[in-house]
Amino acid sequence: MMSKKNANFAADLVAGIDPGAQAPAARRPGIGASVLAGRESRLAELATGSVVSRTHELVDPARCRMWVGHNREYALLNEERCADLIESIKAQGKQEMPAIVRRVKDDPAFDFEVICGARRHWTISWLRAHNYPDFRFLVDIRSLTDEEAFRLADLENRARDDLTDLERARDYLRALDAYYEGRQKVMAERINVTESWLSRYLDLARLPEELMAAFAIPQDLRIKHVTAIKPLLKPEDRRQRVFSEATRLAEVQAERAAPMPVPDVIRALALAADPPKRSGSPKKSGKPETIVSEGGKPLLKVEAVDRKGLKLTLLPHAGGTRAEAEAALKDLLDQHWS
């Protein structure tokens with residue numbers, strides 16, 4: 001009968017191990033126990049959450065789609081909006097920060113959907129089509145519910161300047177009904193903001209399309225503009241005047257080489273909401289009065305009339321013509337210049 005020692009010797013020979021060589025670390029006394037202890041410690045850390053294991057992969061961006069709840073308007077991305085990222089990835093030779101994705105089921109055209117990282121996806125796709133075919137899309141694969149995906153995307157993008165207020169506002173309005181049953185207080189608590197802060201974004205998202213038509217680039221609107229616009233929509237007669245003016249401004253915007261600045265658009269809408277009374281000569285009332293054209297378009301605002309003279313504001317974007325403004329100025333000169 002073969003002794004235990006001889007059996008081990010024979011087994012080593014079959015395995016191709018030199019019986020005279022030093023025993024591997026895992027078989028040396030003390031070393032194997034240390035390795036096992038280290039593995040047990042690592043597993044314990046993962047189980048308690050003190051260490052998080054992530055799965056990163058380099059994938060084909062064409063196999064990734066945008067999540068339907070993504071808060072960025074992917075169609076608005078272009079070379080200009082992604083210029084910084086394009087140059088960074090070219091300089092580094094790779095994408096440094098992974099996008100957050102989750103796996104797609106029952107769709108043979110895609111393997112993943114992008115929760116956070118639309119600009120990274122667009123940039124890698126653009127680079128692959130422009131002389132960098134070897135670049136791959138770096139992703140961090142997560143398992144997330146829709147509500148968790150929304151909160152994660154919001155947290156990542158909240159401080160980004162390249163995400164417009166309007167994109168964020170529309171995402172919040174969609175999420176309010178989709179995940180929080182329209183309960184604004186619950187949503188504010190879940191994303192850790194105040195109700196008043198959230199309300200301003202929701203007000204921006206709720207601005208009617210009839211009014212939004214006045215802005216050549218709606219993404220230029222900010223939540224700070226809502227406080228000036230929202231009161232113009234009540235009561236109904238003011239609302240309809242504002243909508244009519246917005247239609248006119250949309251036609252003006254289409255003919256301009258450059259978009260009309262947002263403050264000028266808001267000013268024109270405000271004047272339409274409360275049309276000034278026509279007046280041949282401003283009264284010395286101390287209150288601002290607006291001089292309008294024959295067609296009712298504001299031309300000049302007389303801010304003050306006193307013994308020192310007149311303080312005027314020209315309204316070049318309110319719909320009147322230069323000739324009408326010149327005629328109104330001439331009338332003022334005739335009235336007040338001795």
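Residues were classed by relative accessible area: buried means under 20%, exposed over 50%, and partly exposed in between, with a 1.4 Å probe and protein chains only. The model is predicted, so local features need pLDDT of at least 70 and side-chain atom pairs count only at pLDDT 80 or more, while totals for chains, interfaces and linings use all residues. Residues are numbered from 1 along each chain as its sequence is written, and side-chain values use heavy atoms, without hydrogens and water.

Side chains of opposite charge can pair when their charged atoms come close. A salt bridge was taken as a side-chain nitrogen of Lys or Arg within 4 Å of a carboxyl oxygen of Asp or Glu. The count is 26 salt bridges.

One of them joins Arg-128 and Asp-60, at 3.5 Å from N to O. This pair links distant parts of the chain, 68 residues apart. Arg-128 lies in helix 4 (residues 118-129), and Asp-60 in the loop between strand 1 (55-59) and strand 2 (64-66). Helices (H or I, at least four residues) and strands (E, at least two) are DSSP runs, numbered from the N terminus. Arg-128 is partly exposed, at 25% relative accessibility. Asp-60 is also partly exposed, at 25%.

Helix 11 (residues 236-255) holds Arg-241 and Asp-237, four residues apart, about one turn of the helix. Their side chains form a salt bridge of 3.7 Å, N to O. Arg-241 is partly exposed at 30%. Asp-237 is partly exposed at 44%.

Arg-248 and Glu-245 also pair, at 2.7 Å from N to O. They sit three residues apart in helix 11, so about one helical turn separates them. Both Arg-248 and Glu-245 are buried.

Salt bridges also form a network, linking Arg-65, Arg-102, Asp-107, Glu-113 and Asp-146.
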